[in-house]
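Thanks for asking me to look this one over. Here are a few notes, in the order I would read them beside the model.

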Amino acid sequence: MSQTNKPRVLVTREIPEAGLAILREACEVTVFSSERQPTREELLALLPNYDGLLSMLIDILDRPMLEKVPHLRVISNYAVGYNNIDIQAATELGIPVTNTPGVLTNATADIAWALLMAVTRRIVEGDAYVRQGKWVGWSPDLLLGMELGGKTIGIVGAGRIGLAVAKRARAFDMNVKYYNRRRLDEETEREYSLNYVDLDTLVRTSDVISLNLPYNQESHHLFNADLLSRMKPTAYLINTARGAIVDEAALVEALKKRQLAGAGLDVFENEPSVHPGFLELDNVVLVPHLGSSTRETRDNMAILAAENLVRALQGQRPHSLVNPEVYS
Ligand SMILES: O=CC(=O)O
């Protein structure tokens with residue numbers, strides 16, 4: 001039982017102190033661990049003792065799980081994506097769910113750009129080449145890459161992060177096409193020099209494709225063998241969204257067959273497992289879901305997630321609410 005009248009909150013993984021300090025002011029806080037996530041069973045055993053949950057994007061909060069903890073007064077997800085939570089179920093149970101948009105936009109667009117540059121300019125291959133002592137002197141054709149200026153980037157998903165990628169692309173003199181379920185207004189298209197195209201045209205005509213859309217039933221395996229086969233053989237695919245937007249096995253095959261030139265991946269279908277096929281390919285750059293991982297961004301995510309949680313527990317509207325219907 002609670003020692004104070006403060007609400008009790010469970011934080012599934014240690015987050016930056018900036019957020020924990022906000023939580024401690026208003027709540028009794030338990031941090032599960034700094035080392036690992038709670039298992040499903042551990043979470044189920046713990047949650048009856050808490051009023052609020054601050055979850056990570058790898059905590060699976062599906063309907064069967066949520067139905068066992070309908071007393072929760074808020075779930076604050078430490079991520080912009082919330083595909084780990086059954087939002088429909090949470091809404092039906094009256095549980096507000098919040099996320100952390102905005103604060104991680106630049107960091108995520110930066111990592112898309114880092115992957116894009118690393119794979120098109122063969123940075124990882126070059127680093128290995130030097131370390132392995134293979135470099136015997138400058139050569140006109142050593143590790144040739146693709147120039148970005150004048151090329152076309154196709155952005156799939158033109159939300160905050162997609163637009164931040166577009167902004168970087170303009171600075172590199174690239175042409176920017178985009179595909180989004182809903183076309184943006186003319187002013188935004190003009191501001192970011194964006195050309196709206198359908199997905200097929202984007203895939204067929206882009207030199208780089210950047211995935212910046214949310215993962216849901218509609219986007220599951222959107223990039224399947226068929227769509228991948230329509231890419232230019234000289235083109236690159238960058239995924240900083242969610243792994244399962246791409247059929248990973250199909251991507252491995254397409255890369256092997258050189259149906260596309262390369263890929264830069266921050267996210268994977270079954271994290272932390274990576275399809276073994278990728279490990280054998282030198283035209284793929286792989287990083288372990290680092291999109292938002294700058295010190296500044298993780299602090300800001302912690303502050304936003306903590307404020308969202310405290311506001312919901314205090315009966316105020318959280319800053320970034322995924323399911324506003326719970327309040328109507
Ligand atoms: O993947 C990271 C996020 O959704 O914040």
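1. First, a term: a pocket here is an open set of grid points where a 1.4 Å probe fits, with protein on both sides within 12 Å along at least five of seven lines. Please keep in mind that this is a predicted model. By that definition, the second largest pocket has a volume of about 330 Å³.

2. The lining of the second largest pocket is made of 16 residues, and Leu 57, Asn 83, Arg 242, Phe 268 and Glu 269 are the ones nearest the centre. By type, the lining residues split into seven nonpolar, six polar and three charged.

3. Where does the second largest pocket lie? Both domain 1 (8-103 + 295-327) and domain 2 (105-286) contribute lining residues, so the pocket lies between them.

4. Now for helix α7 (residues 160-171). Its twelve residues should span 16 Å at 1.5 Å a residue, and the end C-alpha atoms are 17 Å apart, which agrees. Just after α7, Asp 173 has a positive phi of about 55°.

5. The buried residues of α7 are Ile 161, Gly 162, Leu 163, Ala 164, Val 165, Ala 166, Arg 168 and Ala 169. Their cover includes the helices α5 (105-120) and α8 (186-191), along with the strands β6 (152-156), β7 (175-179), β8 (194-196) and β9 (208-211).

6. Leaving aside residues up to four places away in sequence, Ile 161 touches Val 80, Leu 104, Thr 105, Thr 108, Ala 109 and Asn 212.

Definitions and conventions:
Residues numbered from 1 in each chain as written. Predicted model: local features only at pLDDT ≥ 70, side-chain atom pairs only at ≥ 80, totals over all residues. Heavy atoms only, no water. 1 Å grid on protein atoms, 1.4 Å probe; cavity = no way out; pocket = protein on both sides within 12 Å on 5 of 7 lines; lining within 4 Å. Points joined across faces, edges and corners; volume = space filled by probe spheres on them. Nonpolar A, V, L, I, M, F, W, Y, C, P; charged D, E, K, R; others polar. Domains from an automatic or database assignment. Helix = DSSP H or I, 4+ residues; strand = E, 2+ residues; numbered from the N terminus. Expected span 1.5 Å × (residues − 1). Buried < 20%, exposed > 50% of the residue type's maximum accessible area, 1.4 Å probe, protein only. Contact = heavy atoms within 4.5 Å.
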